[in-house]
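Let's take a tour of a protein model, one feature at a time. Keep the picture open as you read.

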Amino acid sequence: MTRVPPVLERWLAGERHAPLPARDATQPLPLLSFEFFPPRTEALEQQLWSCIGRLAPLRPRFVSVTYGAGGTTQARTHATVARLARETDLVPAAHLTCVGATRAAIDEVARGYWEAGVRHIVALRGDAPAGTDYAPHPQGYAYASDLVAGLRRIGDFEISVAAYPEVHPGAASAQADLDNLKRKLDAGATRAITQYFFDTGSYLRFLDRCLAAGITAPIVPGIMPVSNFANAKKFSAMCGTRVPGWLADLFEGTDDAPEIRRIVASIVAAEQVRTLQANGIDEFHFYTLNRPELTLAIAHVLGVRAPAPPPPG
């Protein structure tokens, strides 16, 4: 009797996997948004605005600018957001946190954004400075849900809040974390943007739990293309994002091979967004780290491209 080669044994006995469906040309393109962080030096300032210039032609739904732990980048965040509102056609969204500030001070910042024409806030509890535990300011907003309610009293902001498919590291339980998300949305938030994740199934399972809890607001997946695996692994440990073994295997041996690393990073992120797209997800938020190349490549895979230049003459 002829023995079946191992590759055919796997084919005959293994599970069949259909290819990811191609996007139908009649389907609307997914909506994208991008996150930047405020620059600390003149060189980083140039890098940021170069990145913004490269990504702006993709016509994102909005672009957000982060706050440092403990509100440490408030002035730089405000300056970057104000410049976006003043000098570009992009819709800027400013991060605002509860940490280390009174309600009066936070309200003043929010009113300043409103006066600058900024109508979108990413409302967060925020992280305490390194080496300390979070404690609400005695005269401040205790949690993000309180901040959302406060912003609603100031103006008709569009408000995004954070969600955690793999549970916030400070949450008592997954259910407590989900209850907190619902409080933020019930207080008046428009949408939730998730912490980045690498296990696509964790987001889809989280979406099921949100729907079962009666949450119908958009839960936009946060996508972080991995340009530096060592840094991504270190940051993931702090924010509670699981780094699967297969991801470490893919990046193994690429520390001194930047071109291979970029190709691997593109493949990982493209596979992630294509799988999400095949499951009906039509909005994505990219943590750009102020670097445009990988985000541009993944947007291209999703079908989002800059419009062609007009013909000469």
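## Ground rules

Helices (H or I, at least four residues) and strands (E, at least two) are DSSP runs, numbered from the N terminus. What you're looking at is a predicted model, where local features need pLDDT of at least 70 and side-chain atom pairs count only at pLDDT 80 or more, while totals for chains, interfaces and linings use all residues. Residues are numbered from 1 along each chain as its sequence is written, and side-chain values use heavy atoms, with hydrogens and water left out.

## Helices H3 and H4

Two packed helices are described by the angle between their axes and the distance between the axes. Take H3 (residues 74–87) and H4 (residues 103–115): their axes come within 11 Å and cross at roughly 15°. That angle makes H3 roughly parallel to H4. Here, an axis is a line fitted to C-alpha atoms, for helices over the stretch in contact, and angles run from 0 to 180 degrees between N-to-C directions. The naming goes like this: under 35 degrees is roughly parallel, over 145 roughly antiparallel, 65 to 115 roughly perpendicular, and the rest oblique.

The crossing of H3 and H4 is right-handed. In a right-handed crossing the near helix is turned clockwise from the far one by less than a right angle, and in a left-handed one anticlockwise. So who touches whom? On the H3 side you'll find Gln-74, Thr-77, His-78 and Val-81, and they meet Val-109, Gly-112 and Tyr-113 in H4. (Contact means heavy atoms within 4.5 Å.) Sorted by class, the residues of this H3 and H4 contact are three nonpolar, four polar and no charged. For that sorting, Ala, Val, Leu, Ile, Met, Phe, Trp, Tyr, Cys and Pro count as nonpolar, Asp, Glu, Lys and Arg as charged, and the others, Gly among them, as polar.

## Helices H7 and H10

Next up are H7 (residues 200–212) and H10 (residues 258–278), whose axes come within 10 Å and cross at roughly 30°. That makes H7 roughly parallel to H10. Their crossing is right-handed. Thr-200, Tyr-203 and Leu-204 of H7 make the contact with Gln-272, Thr-275 and Leu-276 of H10. The tally for H7 with H10 is three nonpolar, three polar and no charged residues.

## Salt bridges

Side chains of opposite charge can pair when their charged atoms come close. The rule used here is a side-chain nitrogen of Lys or Arg within 4 Å of a carboxyl oxygen of Asp or Glu. How many salt bridges does that rule give? The count comes to 12. One of them joins Arg-61 and Glu-283, with the closest N and O atoms 3.0 Å apart. This pair links distant parts of the chain, 222 residues apart: Arg-61 sits in the loop between H2 (42–55) and E2 (62–65), and Glu-283 in strand E9 (residues 283–287). (Buried means under 20% relative accessible area, exposed over 50%, partly exposed in between, with a 1.4 Å probe and protein chains only.)

Other pairs stay inside a helix. Asp-186 bridges to Lys-182, with closest N and O atoms 3.2 Å apart. Because they are four residues apart in H6 (residues 174–186), about one helical turn separates Asp-186 and Lys-182. Asp-186 is exposed at 58%, and Lys-182 is partly exposed at 30%. Glu-87 and Arg-83 also form a salt bridge, at 3.0 Å between the closest N and O atoms. They too are four residues apart, in H3, so about one helical turn lies between Glu-87 and Arg-83. Salt bridges also link Glu-45, Arg-83, Arg-86 and Glu-87 in a network.

Look for Ala-93 in strand E3 (residues 92–97). Ala-93 is buried, at 0% relative accessibility. Leaving out residues up to four places away in sequence, Ala-93 touches Phe-62, Val-63, Ser-64, Val-65, Val-81, His-120 and Val-122.

Asn-279 is in the loop between H10 and E9. Asn-279 and Leu-20 are 259 residues apart in sequence, and their C-alpha atoms are 9.6 Å apart in space. Finally, Pro-312 lies in the segment after H11 (293–302), and Pro-312 counts as exposed at 83% relative accessibility.
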